[in-house]
Amino acid sequence: MAAVITVRAPFAFMGRLVSSRLHKHCCSKVQAACLVYRPHSYSLIVGQQHRFFRTSYVAARPILSFKLSDIGEGIMEVTVKEWYVKEGDKVSQFDSICEVQSDKASVTITSRYDGIIRKLYYDVDSIALVGKPLVDIETDAGQVEGPQEDVVETPAISQEEHTHQEIKGHKTQATPAVRRLAMENNIKLSEVVATGKDGRILKEDILNFIARQTGAILPPAPFQEICPPPPASVAPSTPAVKPREKTTPPSIPTPVIPKPVFTGKDRTEPIKGFQKAMVKTMSAALKIPHFGYKDEVDLSQLVRLRSELKGLAESRGVKLSYMPFFIKAASLGLLHFPILNSSLDENCTNITYKAAHNIGLAMDTNQGLLVPNVKNVQMLSVFEIAVELNRLQTLGTSGQLGTVDLTGGTFTLSNIGSIGGTYAKPVILPPEVAIGALGKIQVLPRFNHKDEVVKAHIMNVSWSADHRIIDGATMCRFSNLWRSYLENPASMVLDLK
Amino acid sequence: MILRLSNRACVLSGSTRFKSTLSTYFDETGKAGIILKSASAGIYENLALEDWIHDHVDLQNRSVLLLWRNSPVVVIGRHQNPWQECNLPLMRRLGIPLARRRSGGGTVFHDFGNINMTFFTSKKKYDRPRNLKVVTSALKALRPDLDVAATDRFDILLNGHYKISGTAAKIGRSSSYHHCTLLCSVDRSVLSSVLKSNASEAIKSNATPSVPSPVKNLADVDPTLDSDTIMEAIASWYNNEFGFDSPVITVDPTHEALMPGIHKMTQDIQMWEWIYGKTPKFSVCTSLVIDDVDVKLDMDIKNGTVEQCALEIPEDWLPPEMVKELTSTLHGSRYCPEEAAVLVAAFMRTRSLTADVAEKIHRLCEGVLSVM
């Protein structure tokens, strides 16, 4: 149905008025331009009386109703469960259109035509009837409406091209447009490498095939004179080639490498979930003026101690790593430097010294960064800390950490060295005021007190602290104390609470 | 490619002939019927194997039977809602994973005592009653006194009352598959506890509901019936019924060279967006009692993500602006307790809260997370 209005408009002004009215009158169903009015052509003859002719472009593109075909087993109706397309989407033949369900069978309905979806007849969860229209597809004029049966084998349209050779028993899948292109270029579909879904041959595959054959990229004739002649056609065209060869240097024709076309596209996604949490936390951390302090710790004695205790811990059913020692040593240090275990209020008017040492542990999971904390480390033994760590790690990997484990921390340690790295610049997690990042343990040569070079297990620690309430000297003394506990684990025994 | 052929069983390994895939191997043997057995007990690998065979093997002139078993897992149908169908918190505690298959139907629990059978055919030859006849005939051949019969809902009942098998199917453009379970010696206490949702009353949804039925194991009526015997019987009756003569071929679903593209299919079917994200739109509406305070929770979830969240809380218990901020934090979060906990933790970090307010928020969140 086309809106057809003839107008006689002698003046430019009238013409423009008419065109805006015509657009309003155009019926929405006719997607092609209903009436094309070119003001430019009119303005040339302004002032003269002029009968102007409409160029109406009545829908040359047929809209075909794609009916829901027989599913089998005498089923007359199904429930539409999910649409994979919406109105206005472009579909190719064999693309999935929707998923319907009937009697425990889930059926994928695929498109019979190439074209644009114009109407969906059902909403999700409504009942669709077999034999009634499911979608309307606007197709190219060339496509013929196929048989009403849902096409199982290759469609009726392409029957004349029995160049649908069978690749190892499979009929090649390609849309009629692609088959036409192949036929025009005398290409056997079985020789083309398919890159489409389900082994379908796409137009790009045909073009790539041709490019490889001729060493040049289509398009047509004018270009071929510029490019060197393909090897196959050298013989017949020798008379034409000779005069050219006199002028060009006698060398191997430079290969024309088809310029690779980069088809990658940028992808934008909203920030949500774990990332959103990190954005929120780190943006708040920006307000804290950080300073960094790095040092080196000789863990040789600790390494020996841990290897002795590992077996004992395992017999109690617990995996013992170095972290429980680092955490306990930090807690012992915090007893002497409670300002590192404090919190500054929003207006920076009060400091709250937290009584409990809830030491957080940065954990890397496949979704992102999680920081659960071990509560009341000041009351726990190294073994008990190891038990808690095991529990938190299990919960973390199985996605069961709750808000209680994830909040309430007062100080944090990040063992980035377990993945790699030496020095880091960790970001303080509000409302805390300090954080430490532990690098990897490396075996390095060091001088001992006898001036001999010995093997030492060296780890680097990088602290960050809130410079509004913590000064460098405090951080340094805390770090020295922490270090001394770890370099000489026996001294921890003296101060253990 | 075939390593050894013994007792009508053989193992496929594509190590030497890289050009051949499983489907070309079938074409070369020229058999009209093929019986396969999966070497894997991983649900995602086996579901991917089903998809691969459906997509890549030419089923127009050939039918395939695939036999497979899995370690404990709950499998929901294509259009179902896992929060409505099973007890997710219990499954997380027990370490039982969740999978969503591509066929329709209801929710089932698999473990090693359950046999899965998939009958692949062309769309024209899709015939579920005939496939079930293979199963019932096989069982009757093993134990003639066994009272097993298929119903018109395509279940198989034992003694006319207990369900021992459920069916689901997937129909594509030109081929289809019908698969069903068979309870031989499944752990029934685990089955009944995981298949009972902890939050179904709170959920309003149009997802396909499961129809619960009383179940029994074949081993309960005859302890000598074990899975291997039954699988063999089914394989030979499949040959009988359809006139095939295929041996049982073991296939390793992780073998990418043999089945190109299967690795990606296995990855895709494990993604959160498929397992949880494909749940049809639903809403959650429930009342929680926290510290003797009545809290009403309303959430709309689409694609497994919270689109809309509202909490009705008495103003004197928590300030309304804080409640509003808390609910907006949850917008766009996956309907998943871990993600919600992380978002709430970030919310609490970036706000200065007094100890008792923090406590209240903890308990409130615990209540909200318990329905996820």
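Q: Which residues does B:Gly261 touch, leaving out those up to four places away in sequence?
A: B:Trp52 and B:Glu256. Contact here means heavy atoms within 4.5 Å. The model is predicted: local features need pLDDT of at least 70, side-chain atom pairs count only at pLDDT 80 or more, and totals for chains, interfaces and linings use all residues. Residues are numbered from 1 along each chain as its sequence is written, chains are lettered from A and ligands numbered from 1 in the order in which they are written, and side-chain values use heavy atoms, with hydrogens and water left out.

Q: Where does B:Gly261 sit in chain B?
A: In the loop between β15 (248-251) and α9 (262-268) of chain B. Helices (H or I, at least four residues) and strands (E, at least two) are DSSP runs, numbered from the N terminus.

Q: Is B:Gly261 buried or partly exposed?
A: Partly exposed, with a relative accessible area of 30%. Buried is under 20%, exposed over 50%, and partly exposed lies in between (1.4 Å probe, protein chains only).

Q: Switching to chain A. How many helices and strands?
A: 13 helices and 23 strands. Chain A has 497 residues, and 41% of them count as buried.

Q: Why call β23 of chain A largely enclosed?
A: Because 11 of the 14 residues of β23(A), residues 453-466, are buried.

Q: Which way does β22 of chain A run against β23(A)?
A: Antiparallel, over 12 bridges. Two strands pair if DSSP finds at least two bridges between them. A:Gln442 stands opposite A:Ile458.

Q: Now the interface. How many residues of each chain are in contact?
A: 55 of chain B with 51 of chain A. The chains bury about 4600 Å² between them, 49% of it on carbon and sulfur atoms. Buried area is the accessible area (1.4 Å probe) that two parts lose on being put together, summed over both.

Q: Which three residues of chain B supply more of its buried area than any other three?
A: B:Arg173, B:Glu338 and B:Arg349, with 20% of the area that chain B buries against chain A.

Q: How many salt bridges cross over?
A: 4. The rule wants a side-chain nitrogen of Lys or Arg within 4 Å of a carboxyl oxygen of Asp or Glu. One of them joins A:Glu432 and B:Arg349, with the closest N and O atoms 3.6 Å apart.

Q: Which element gives the largest share of chain B's side?
A: α12(B), with 10 residues.
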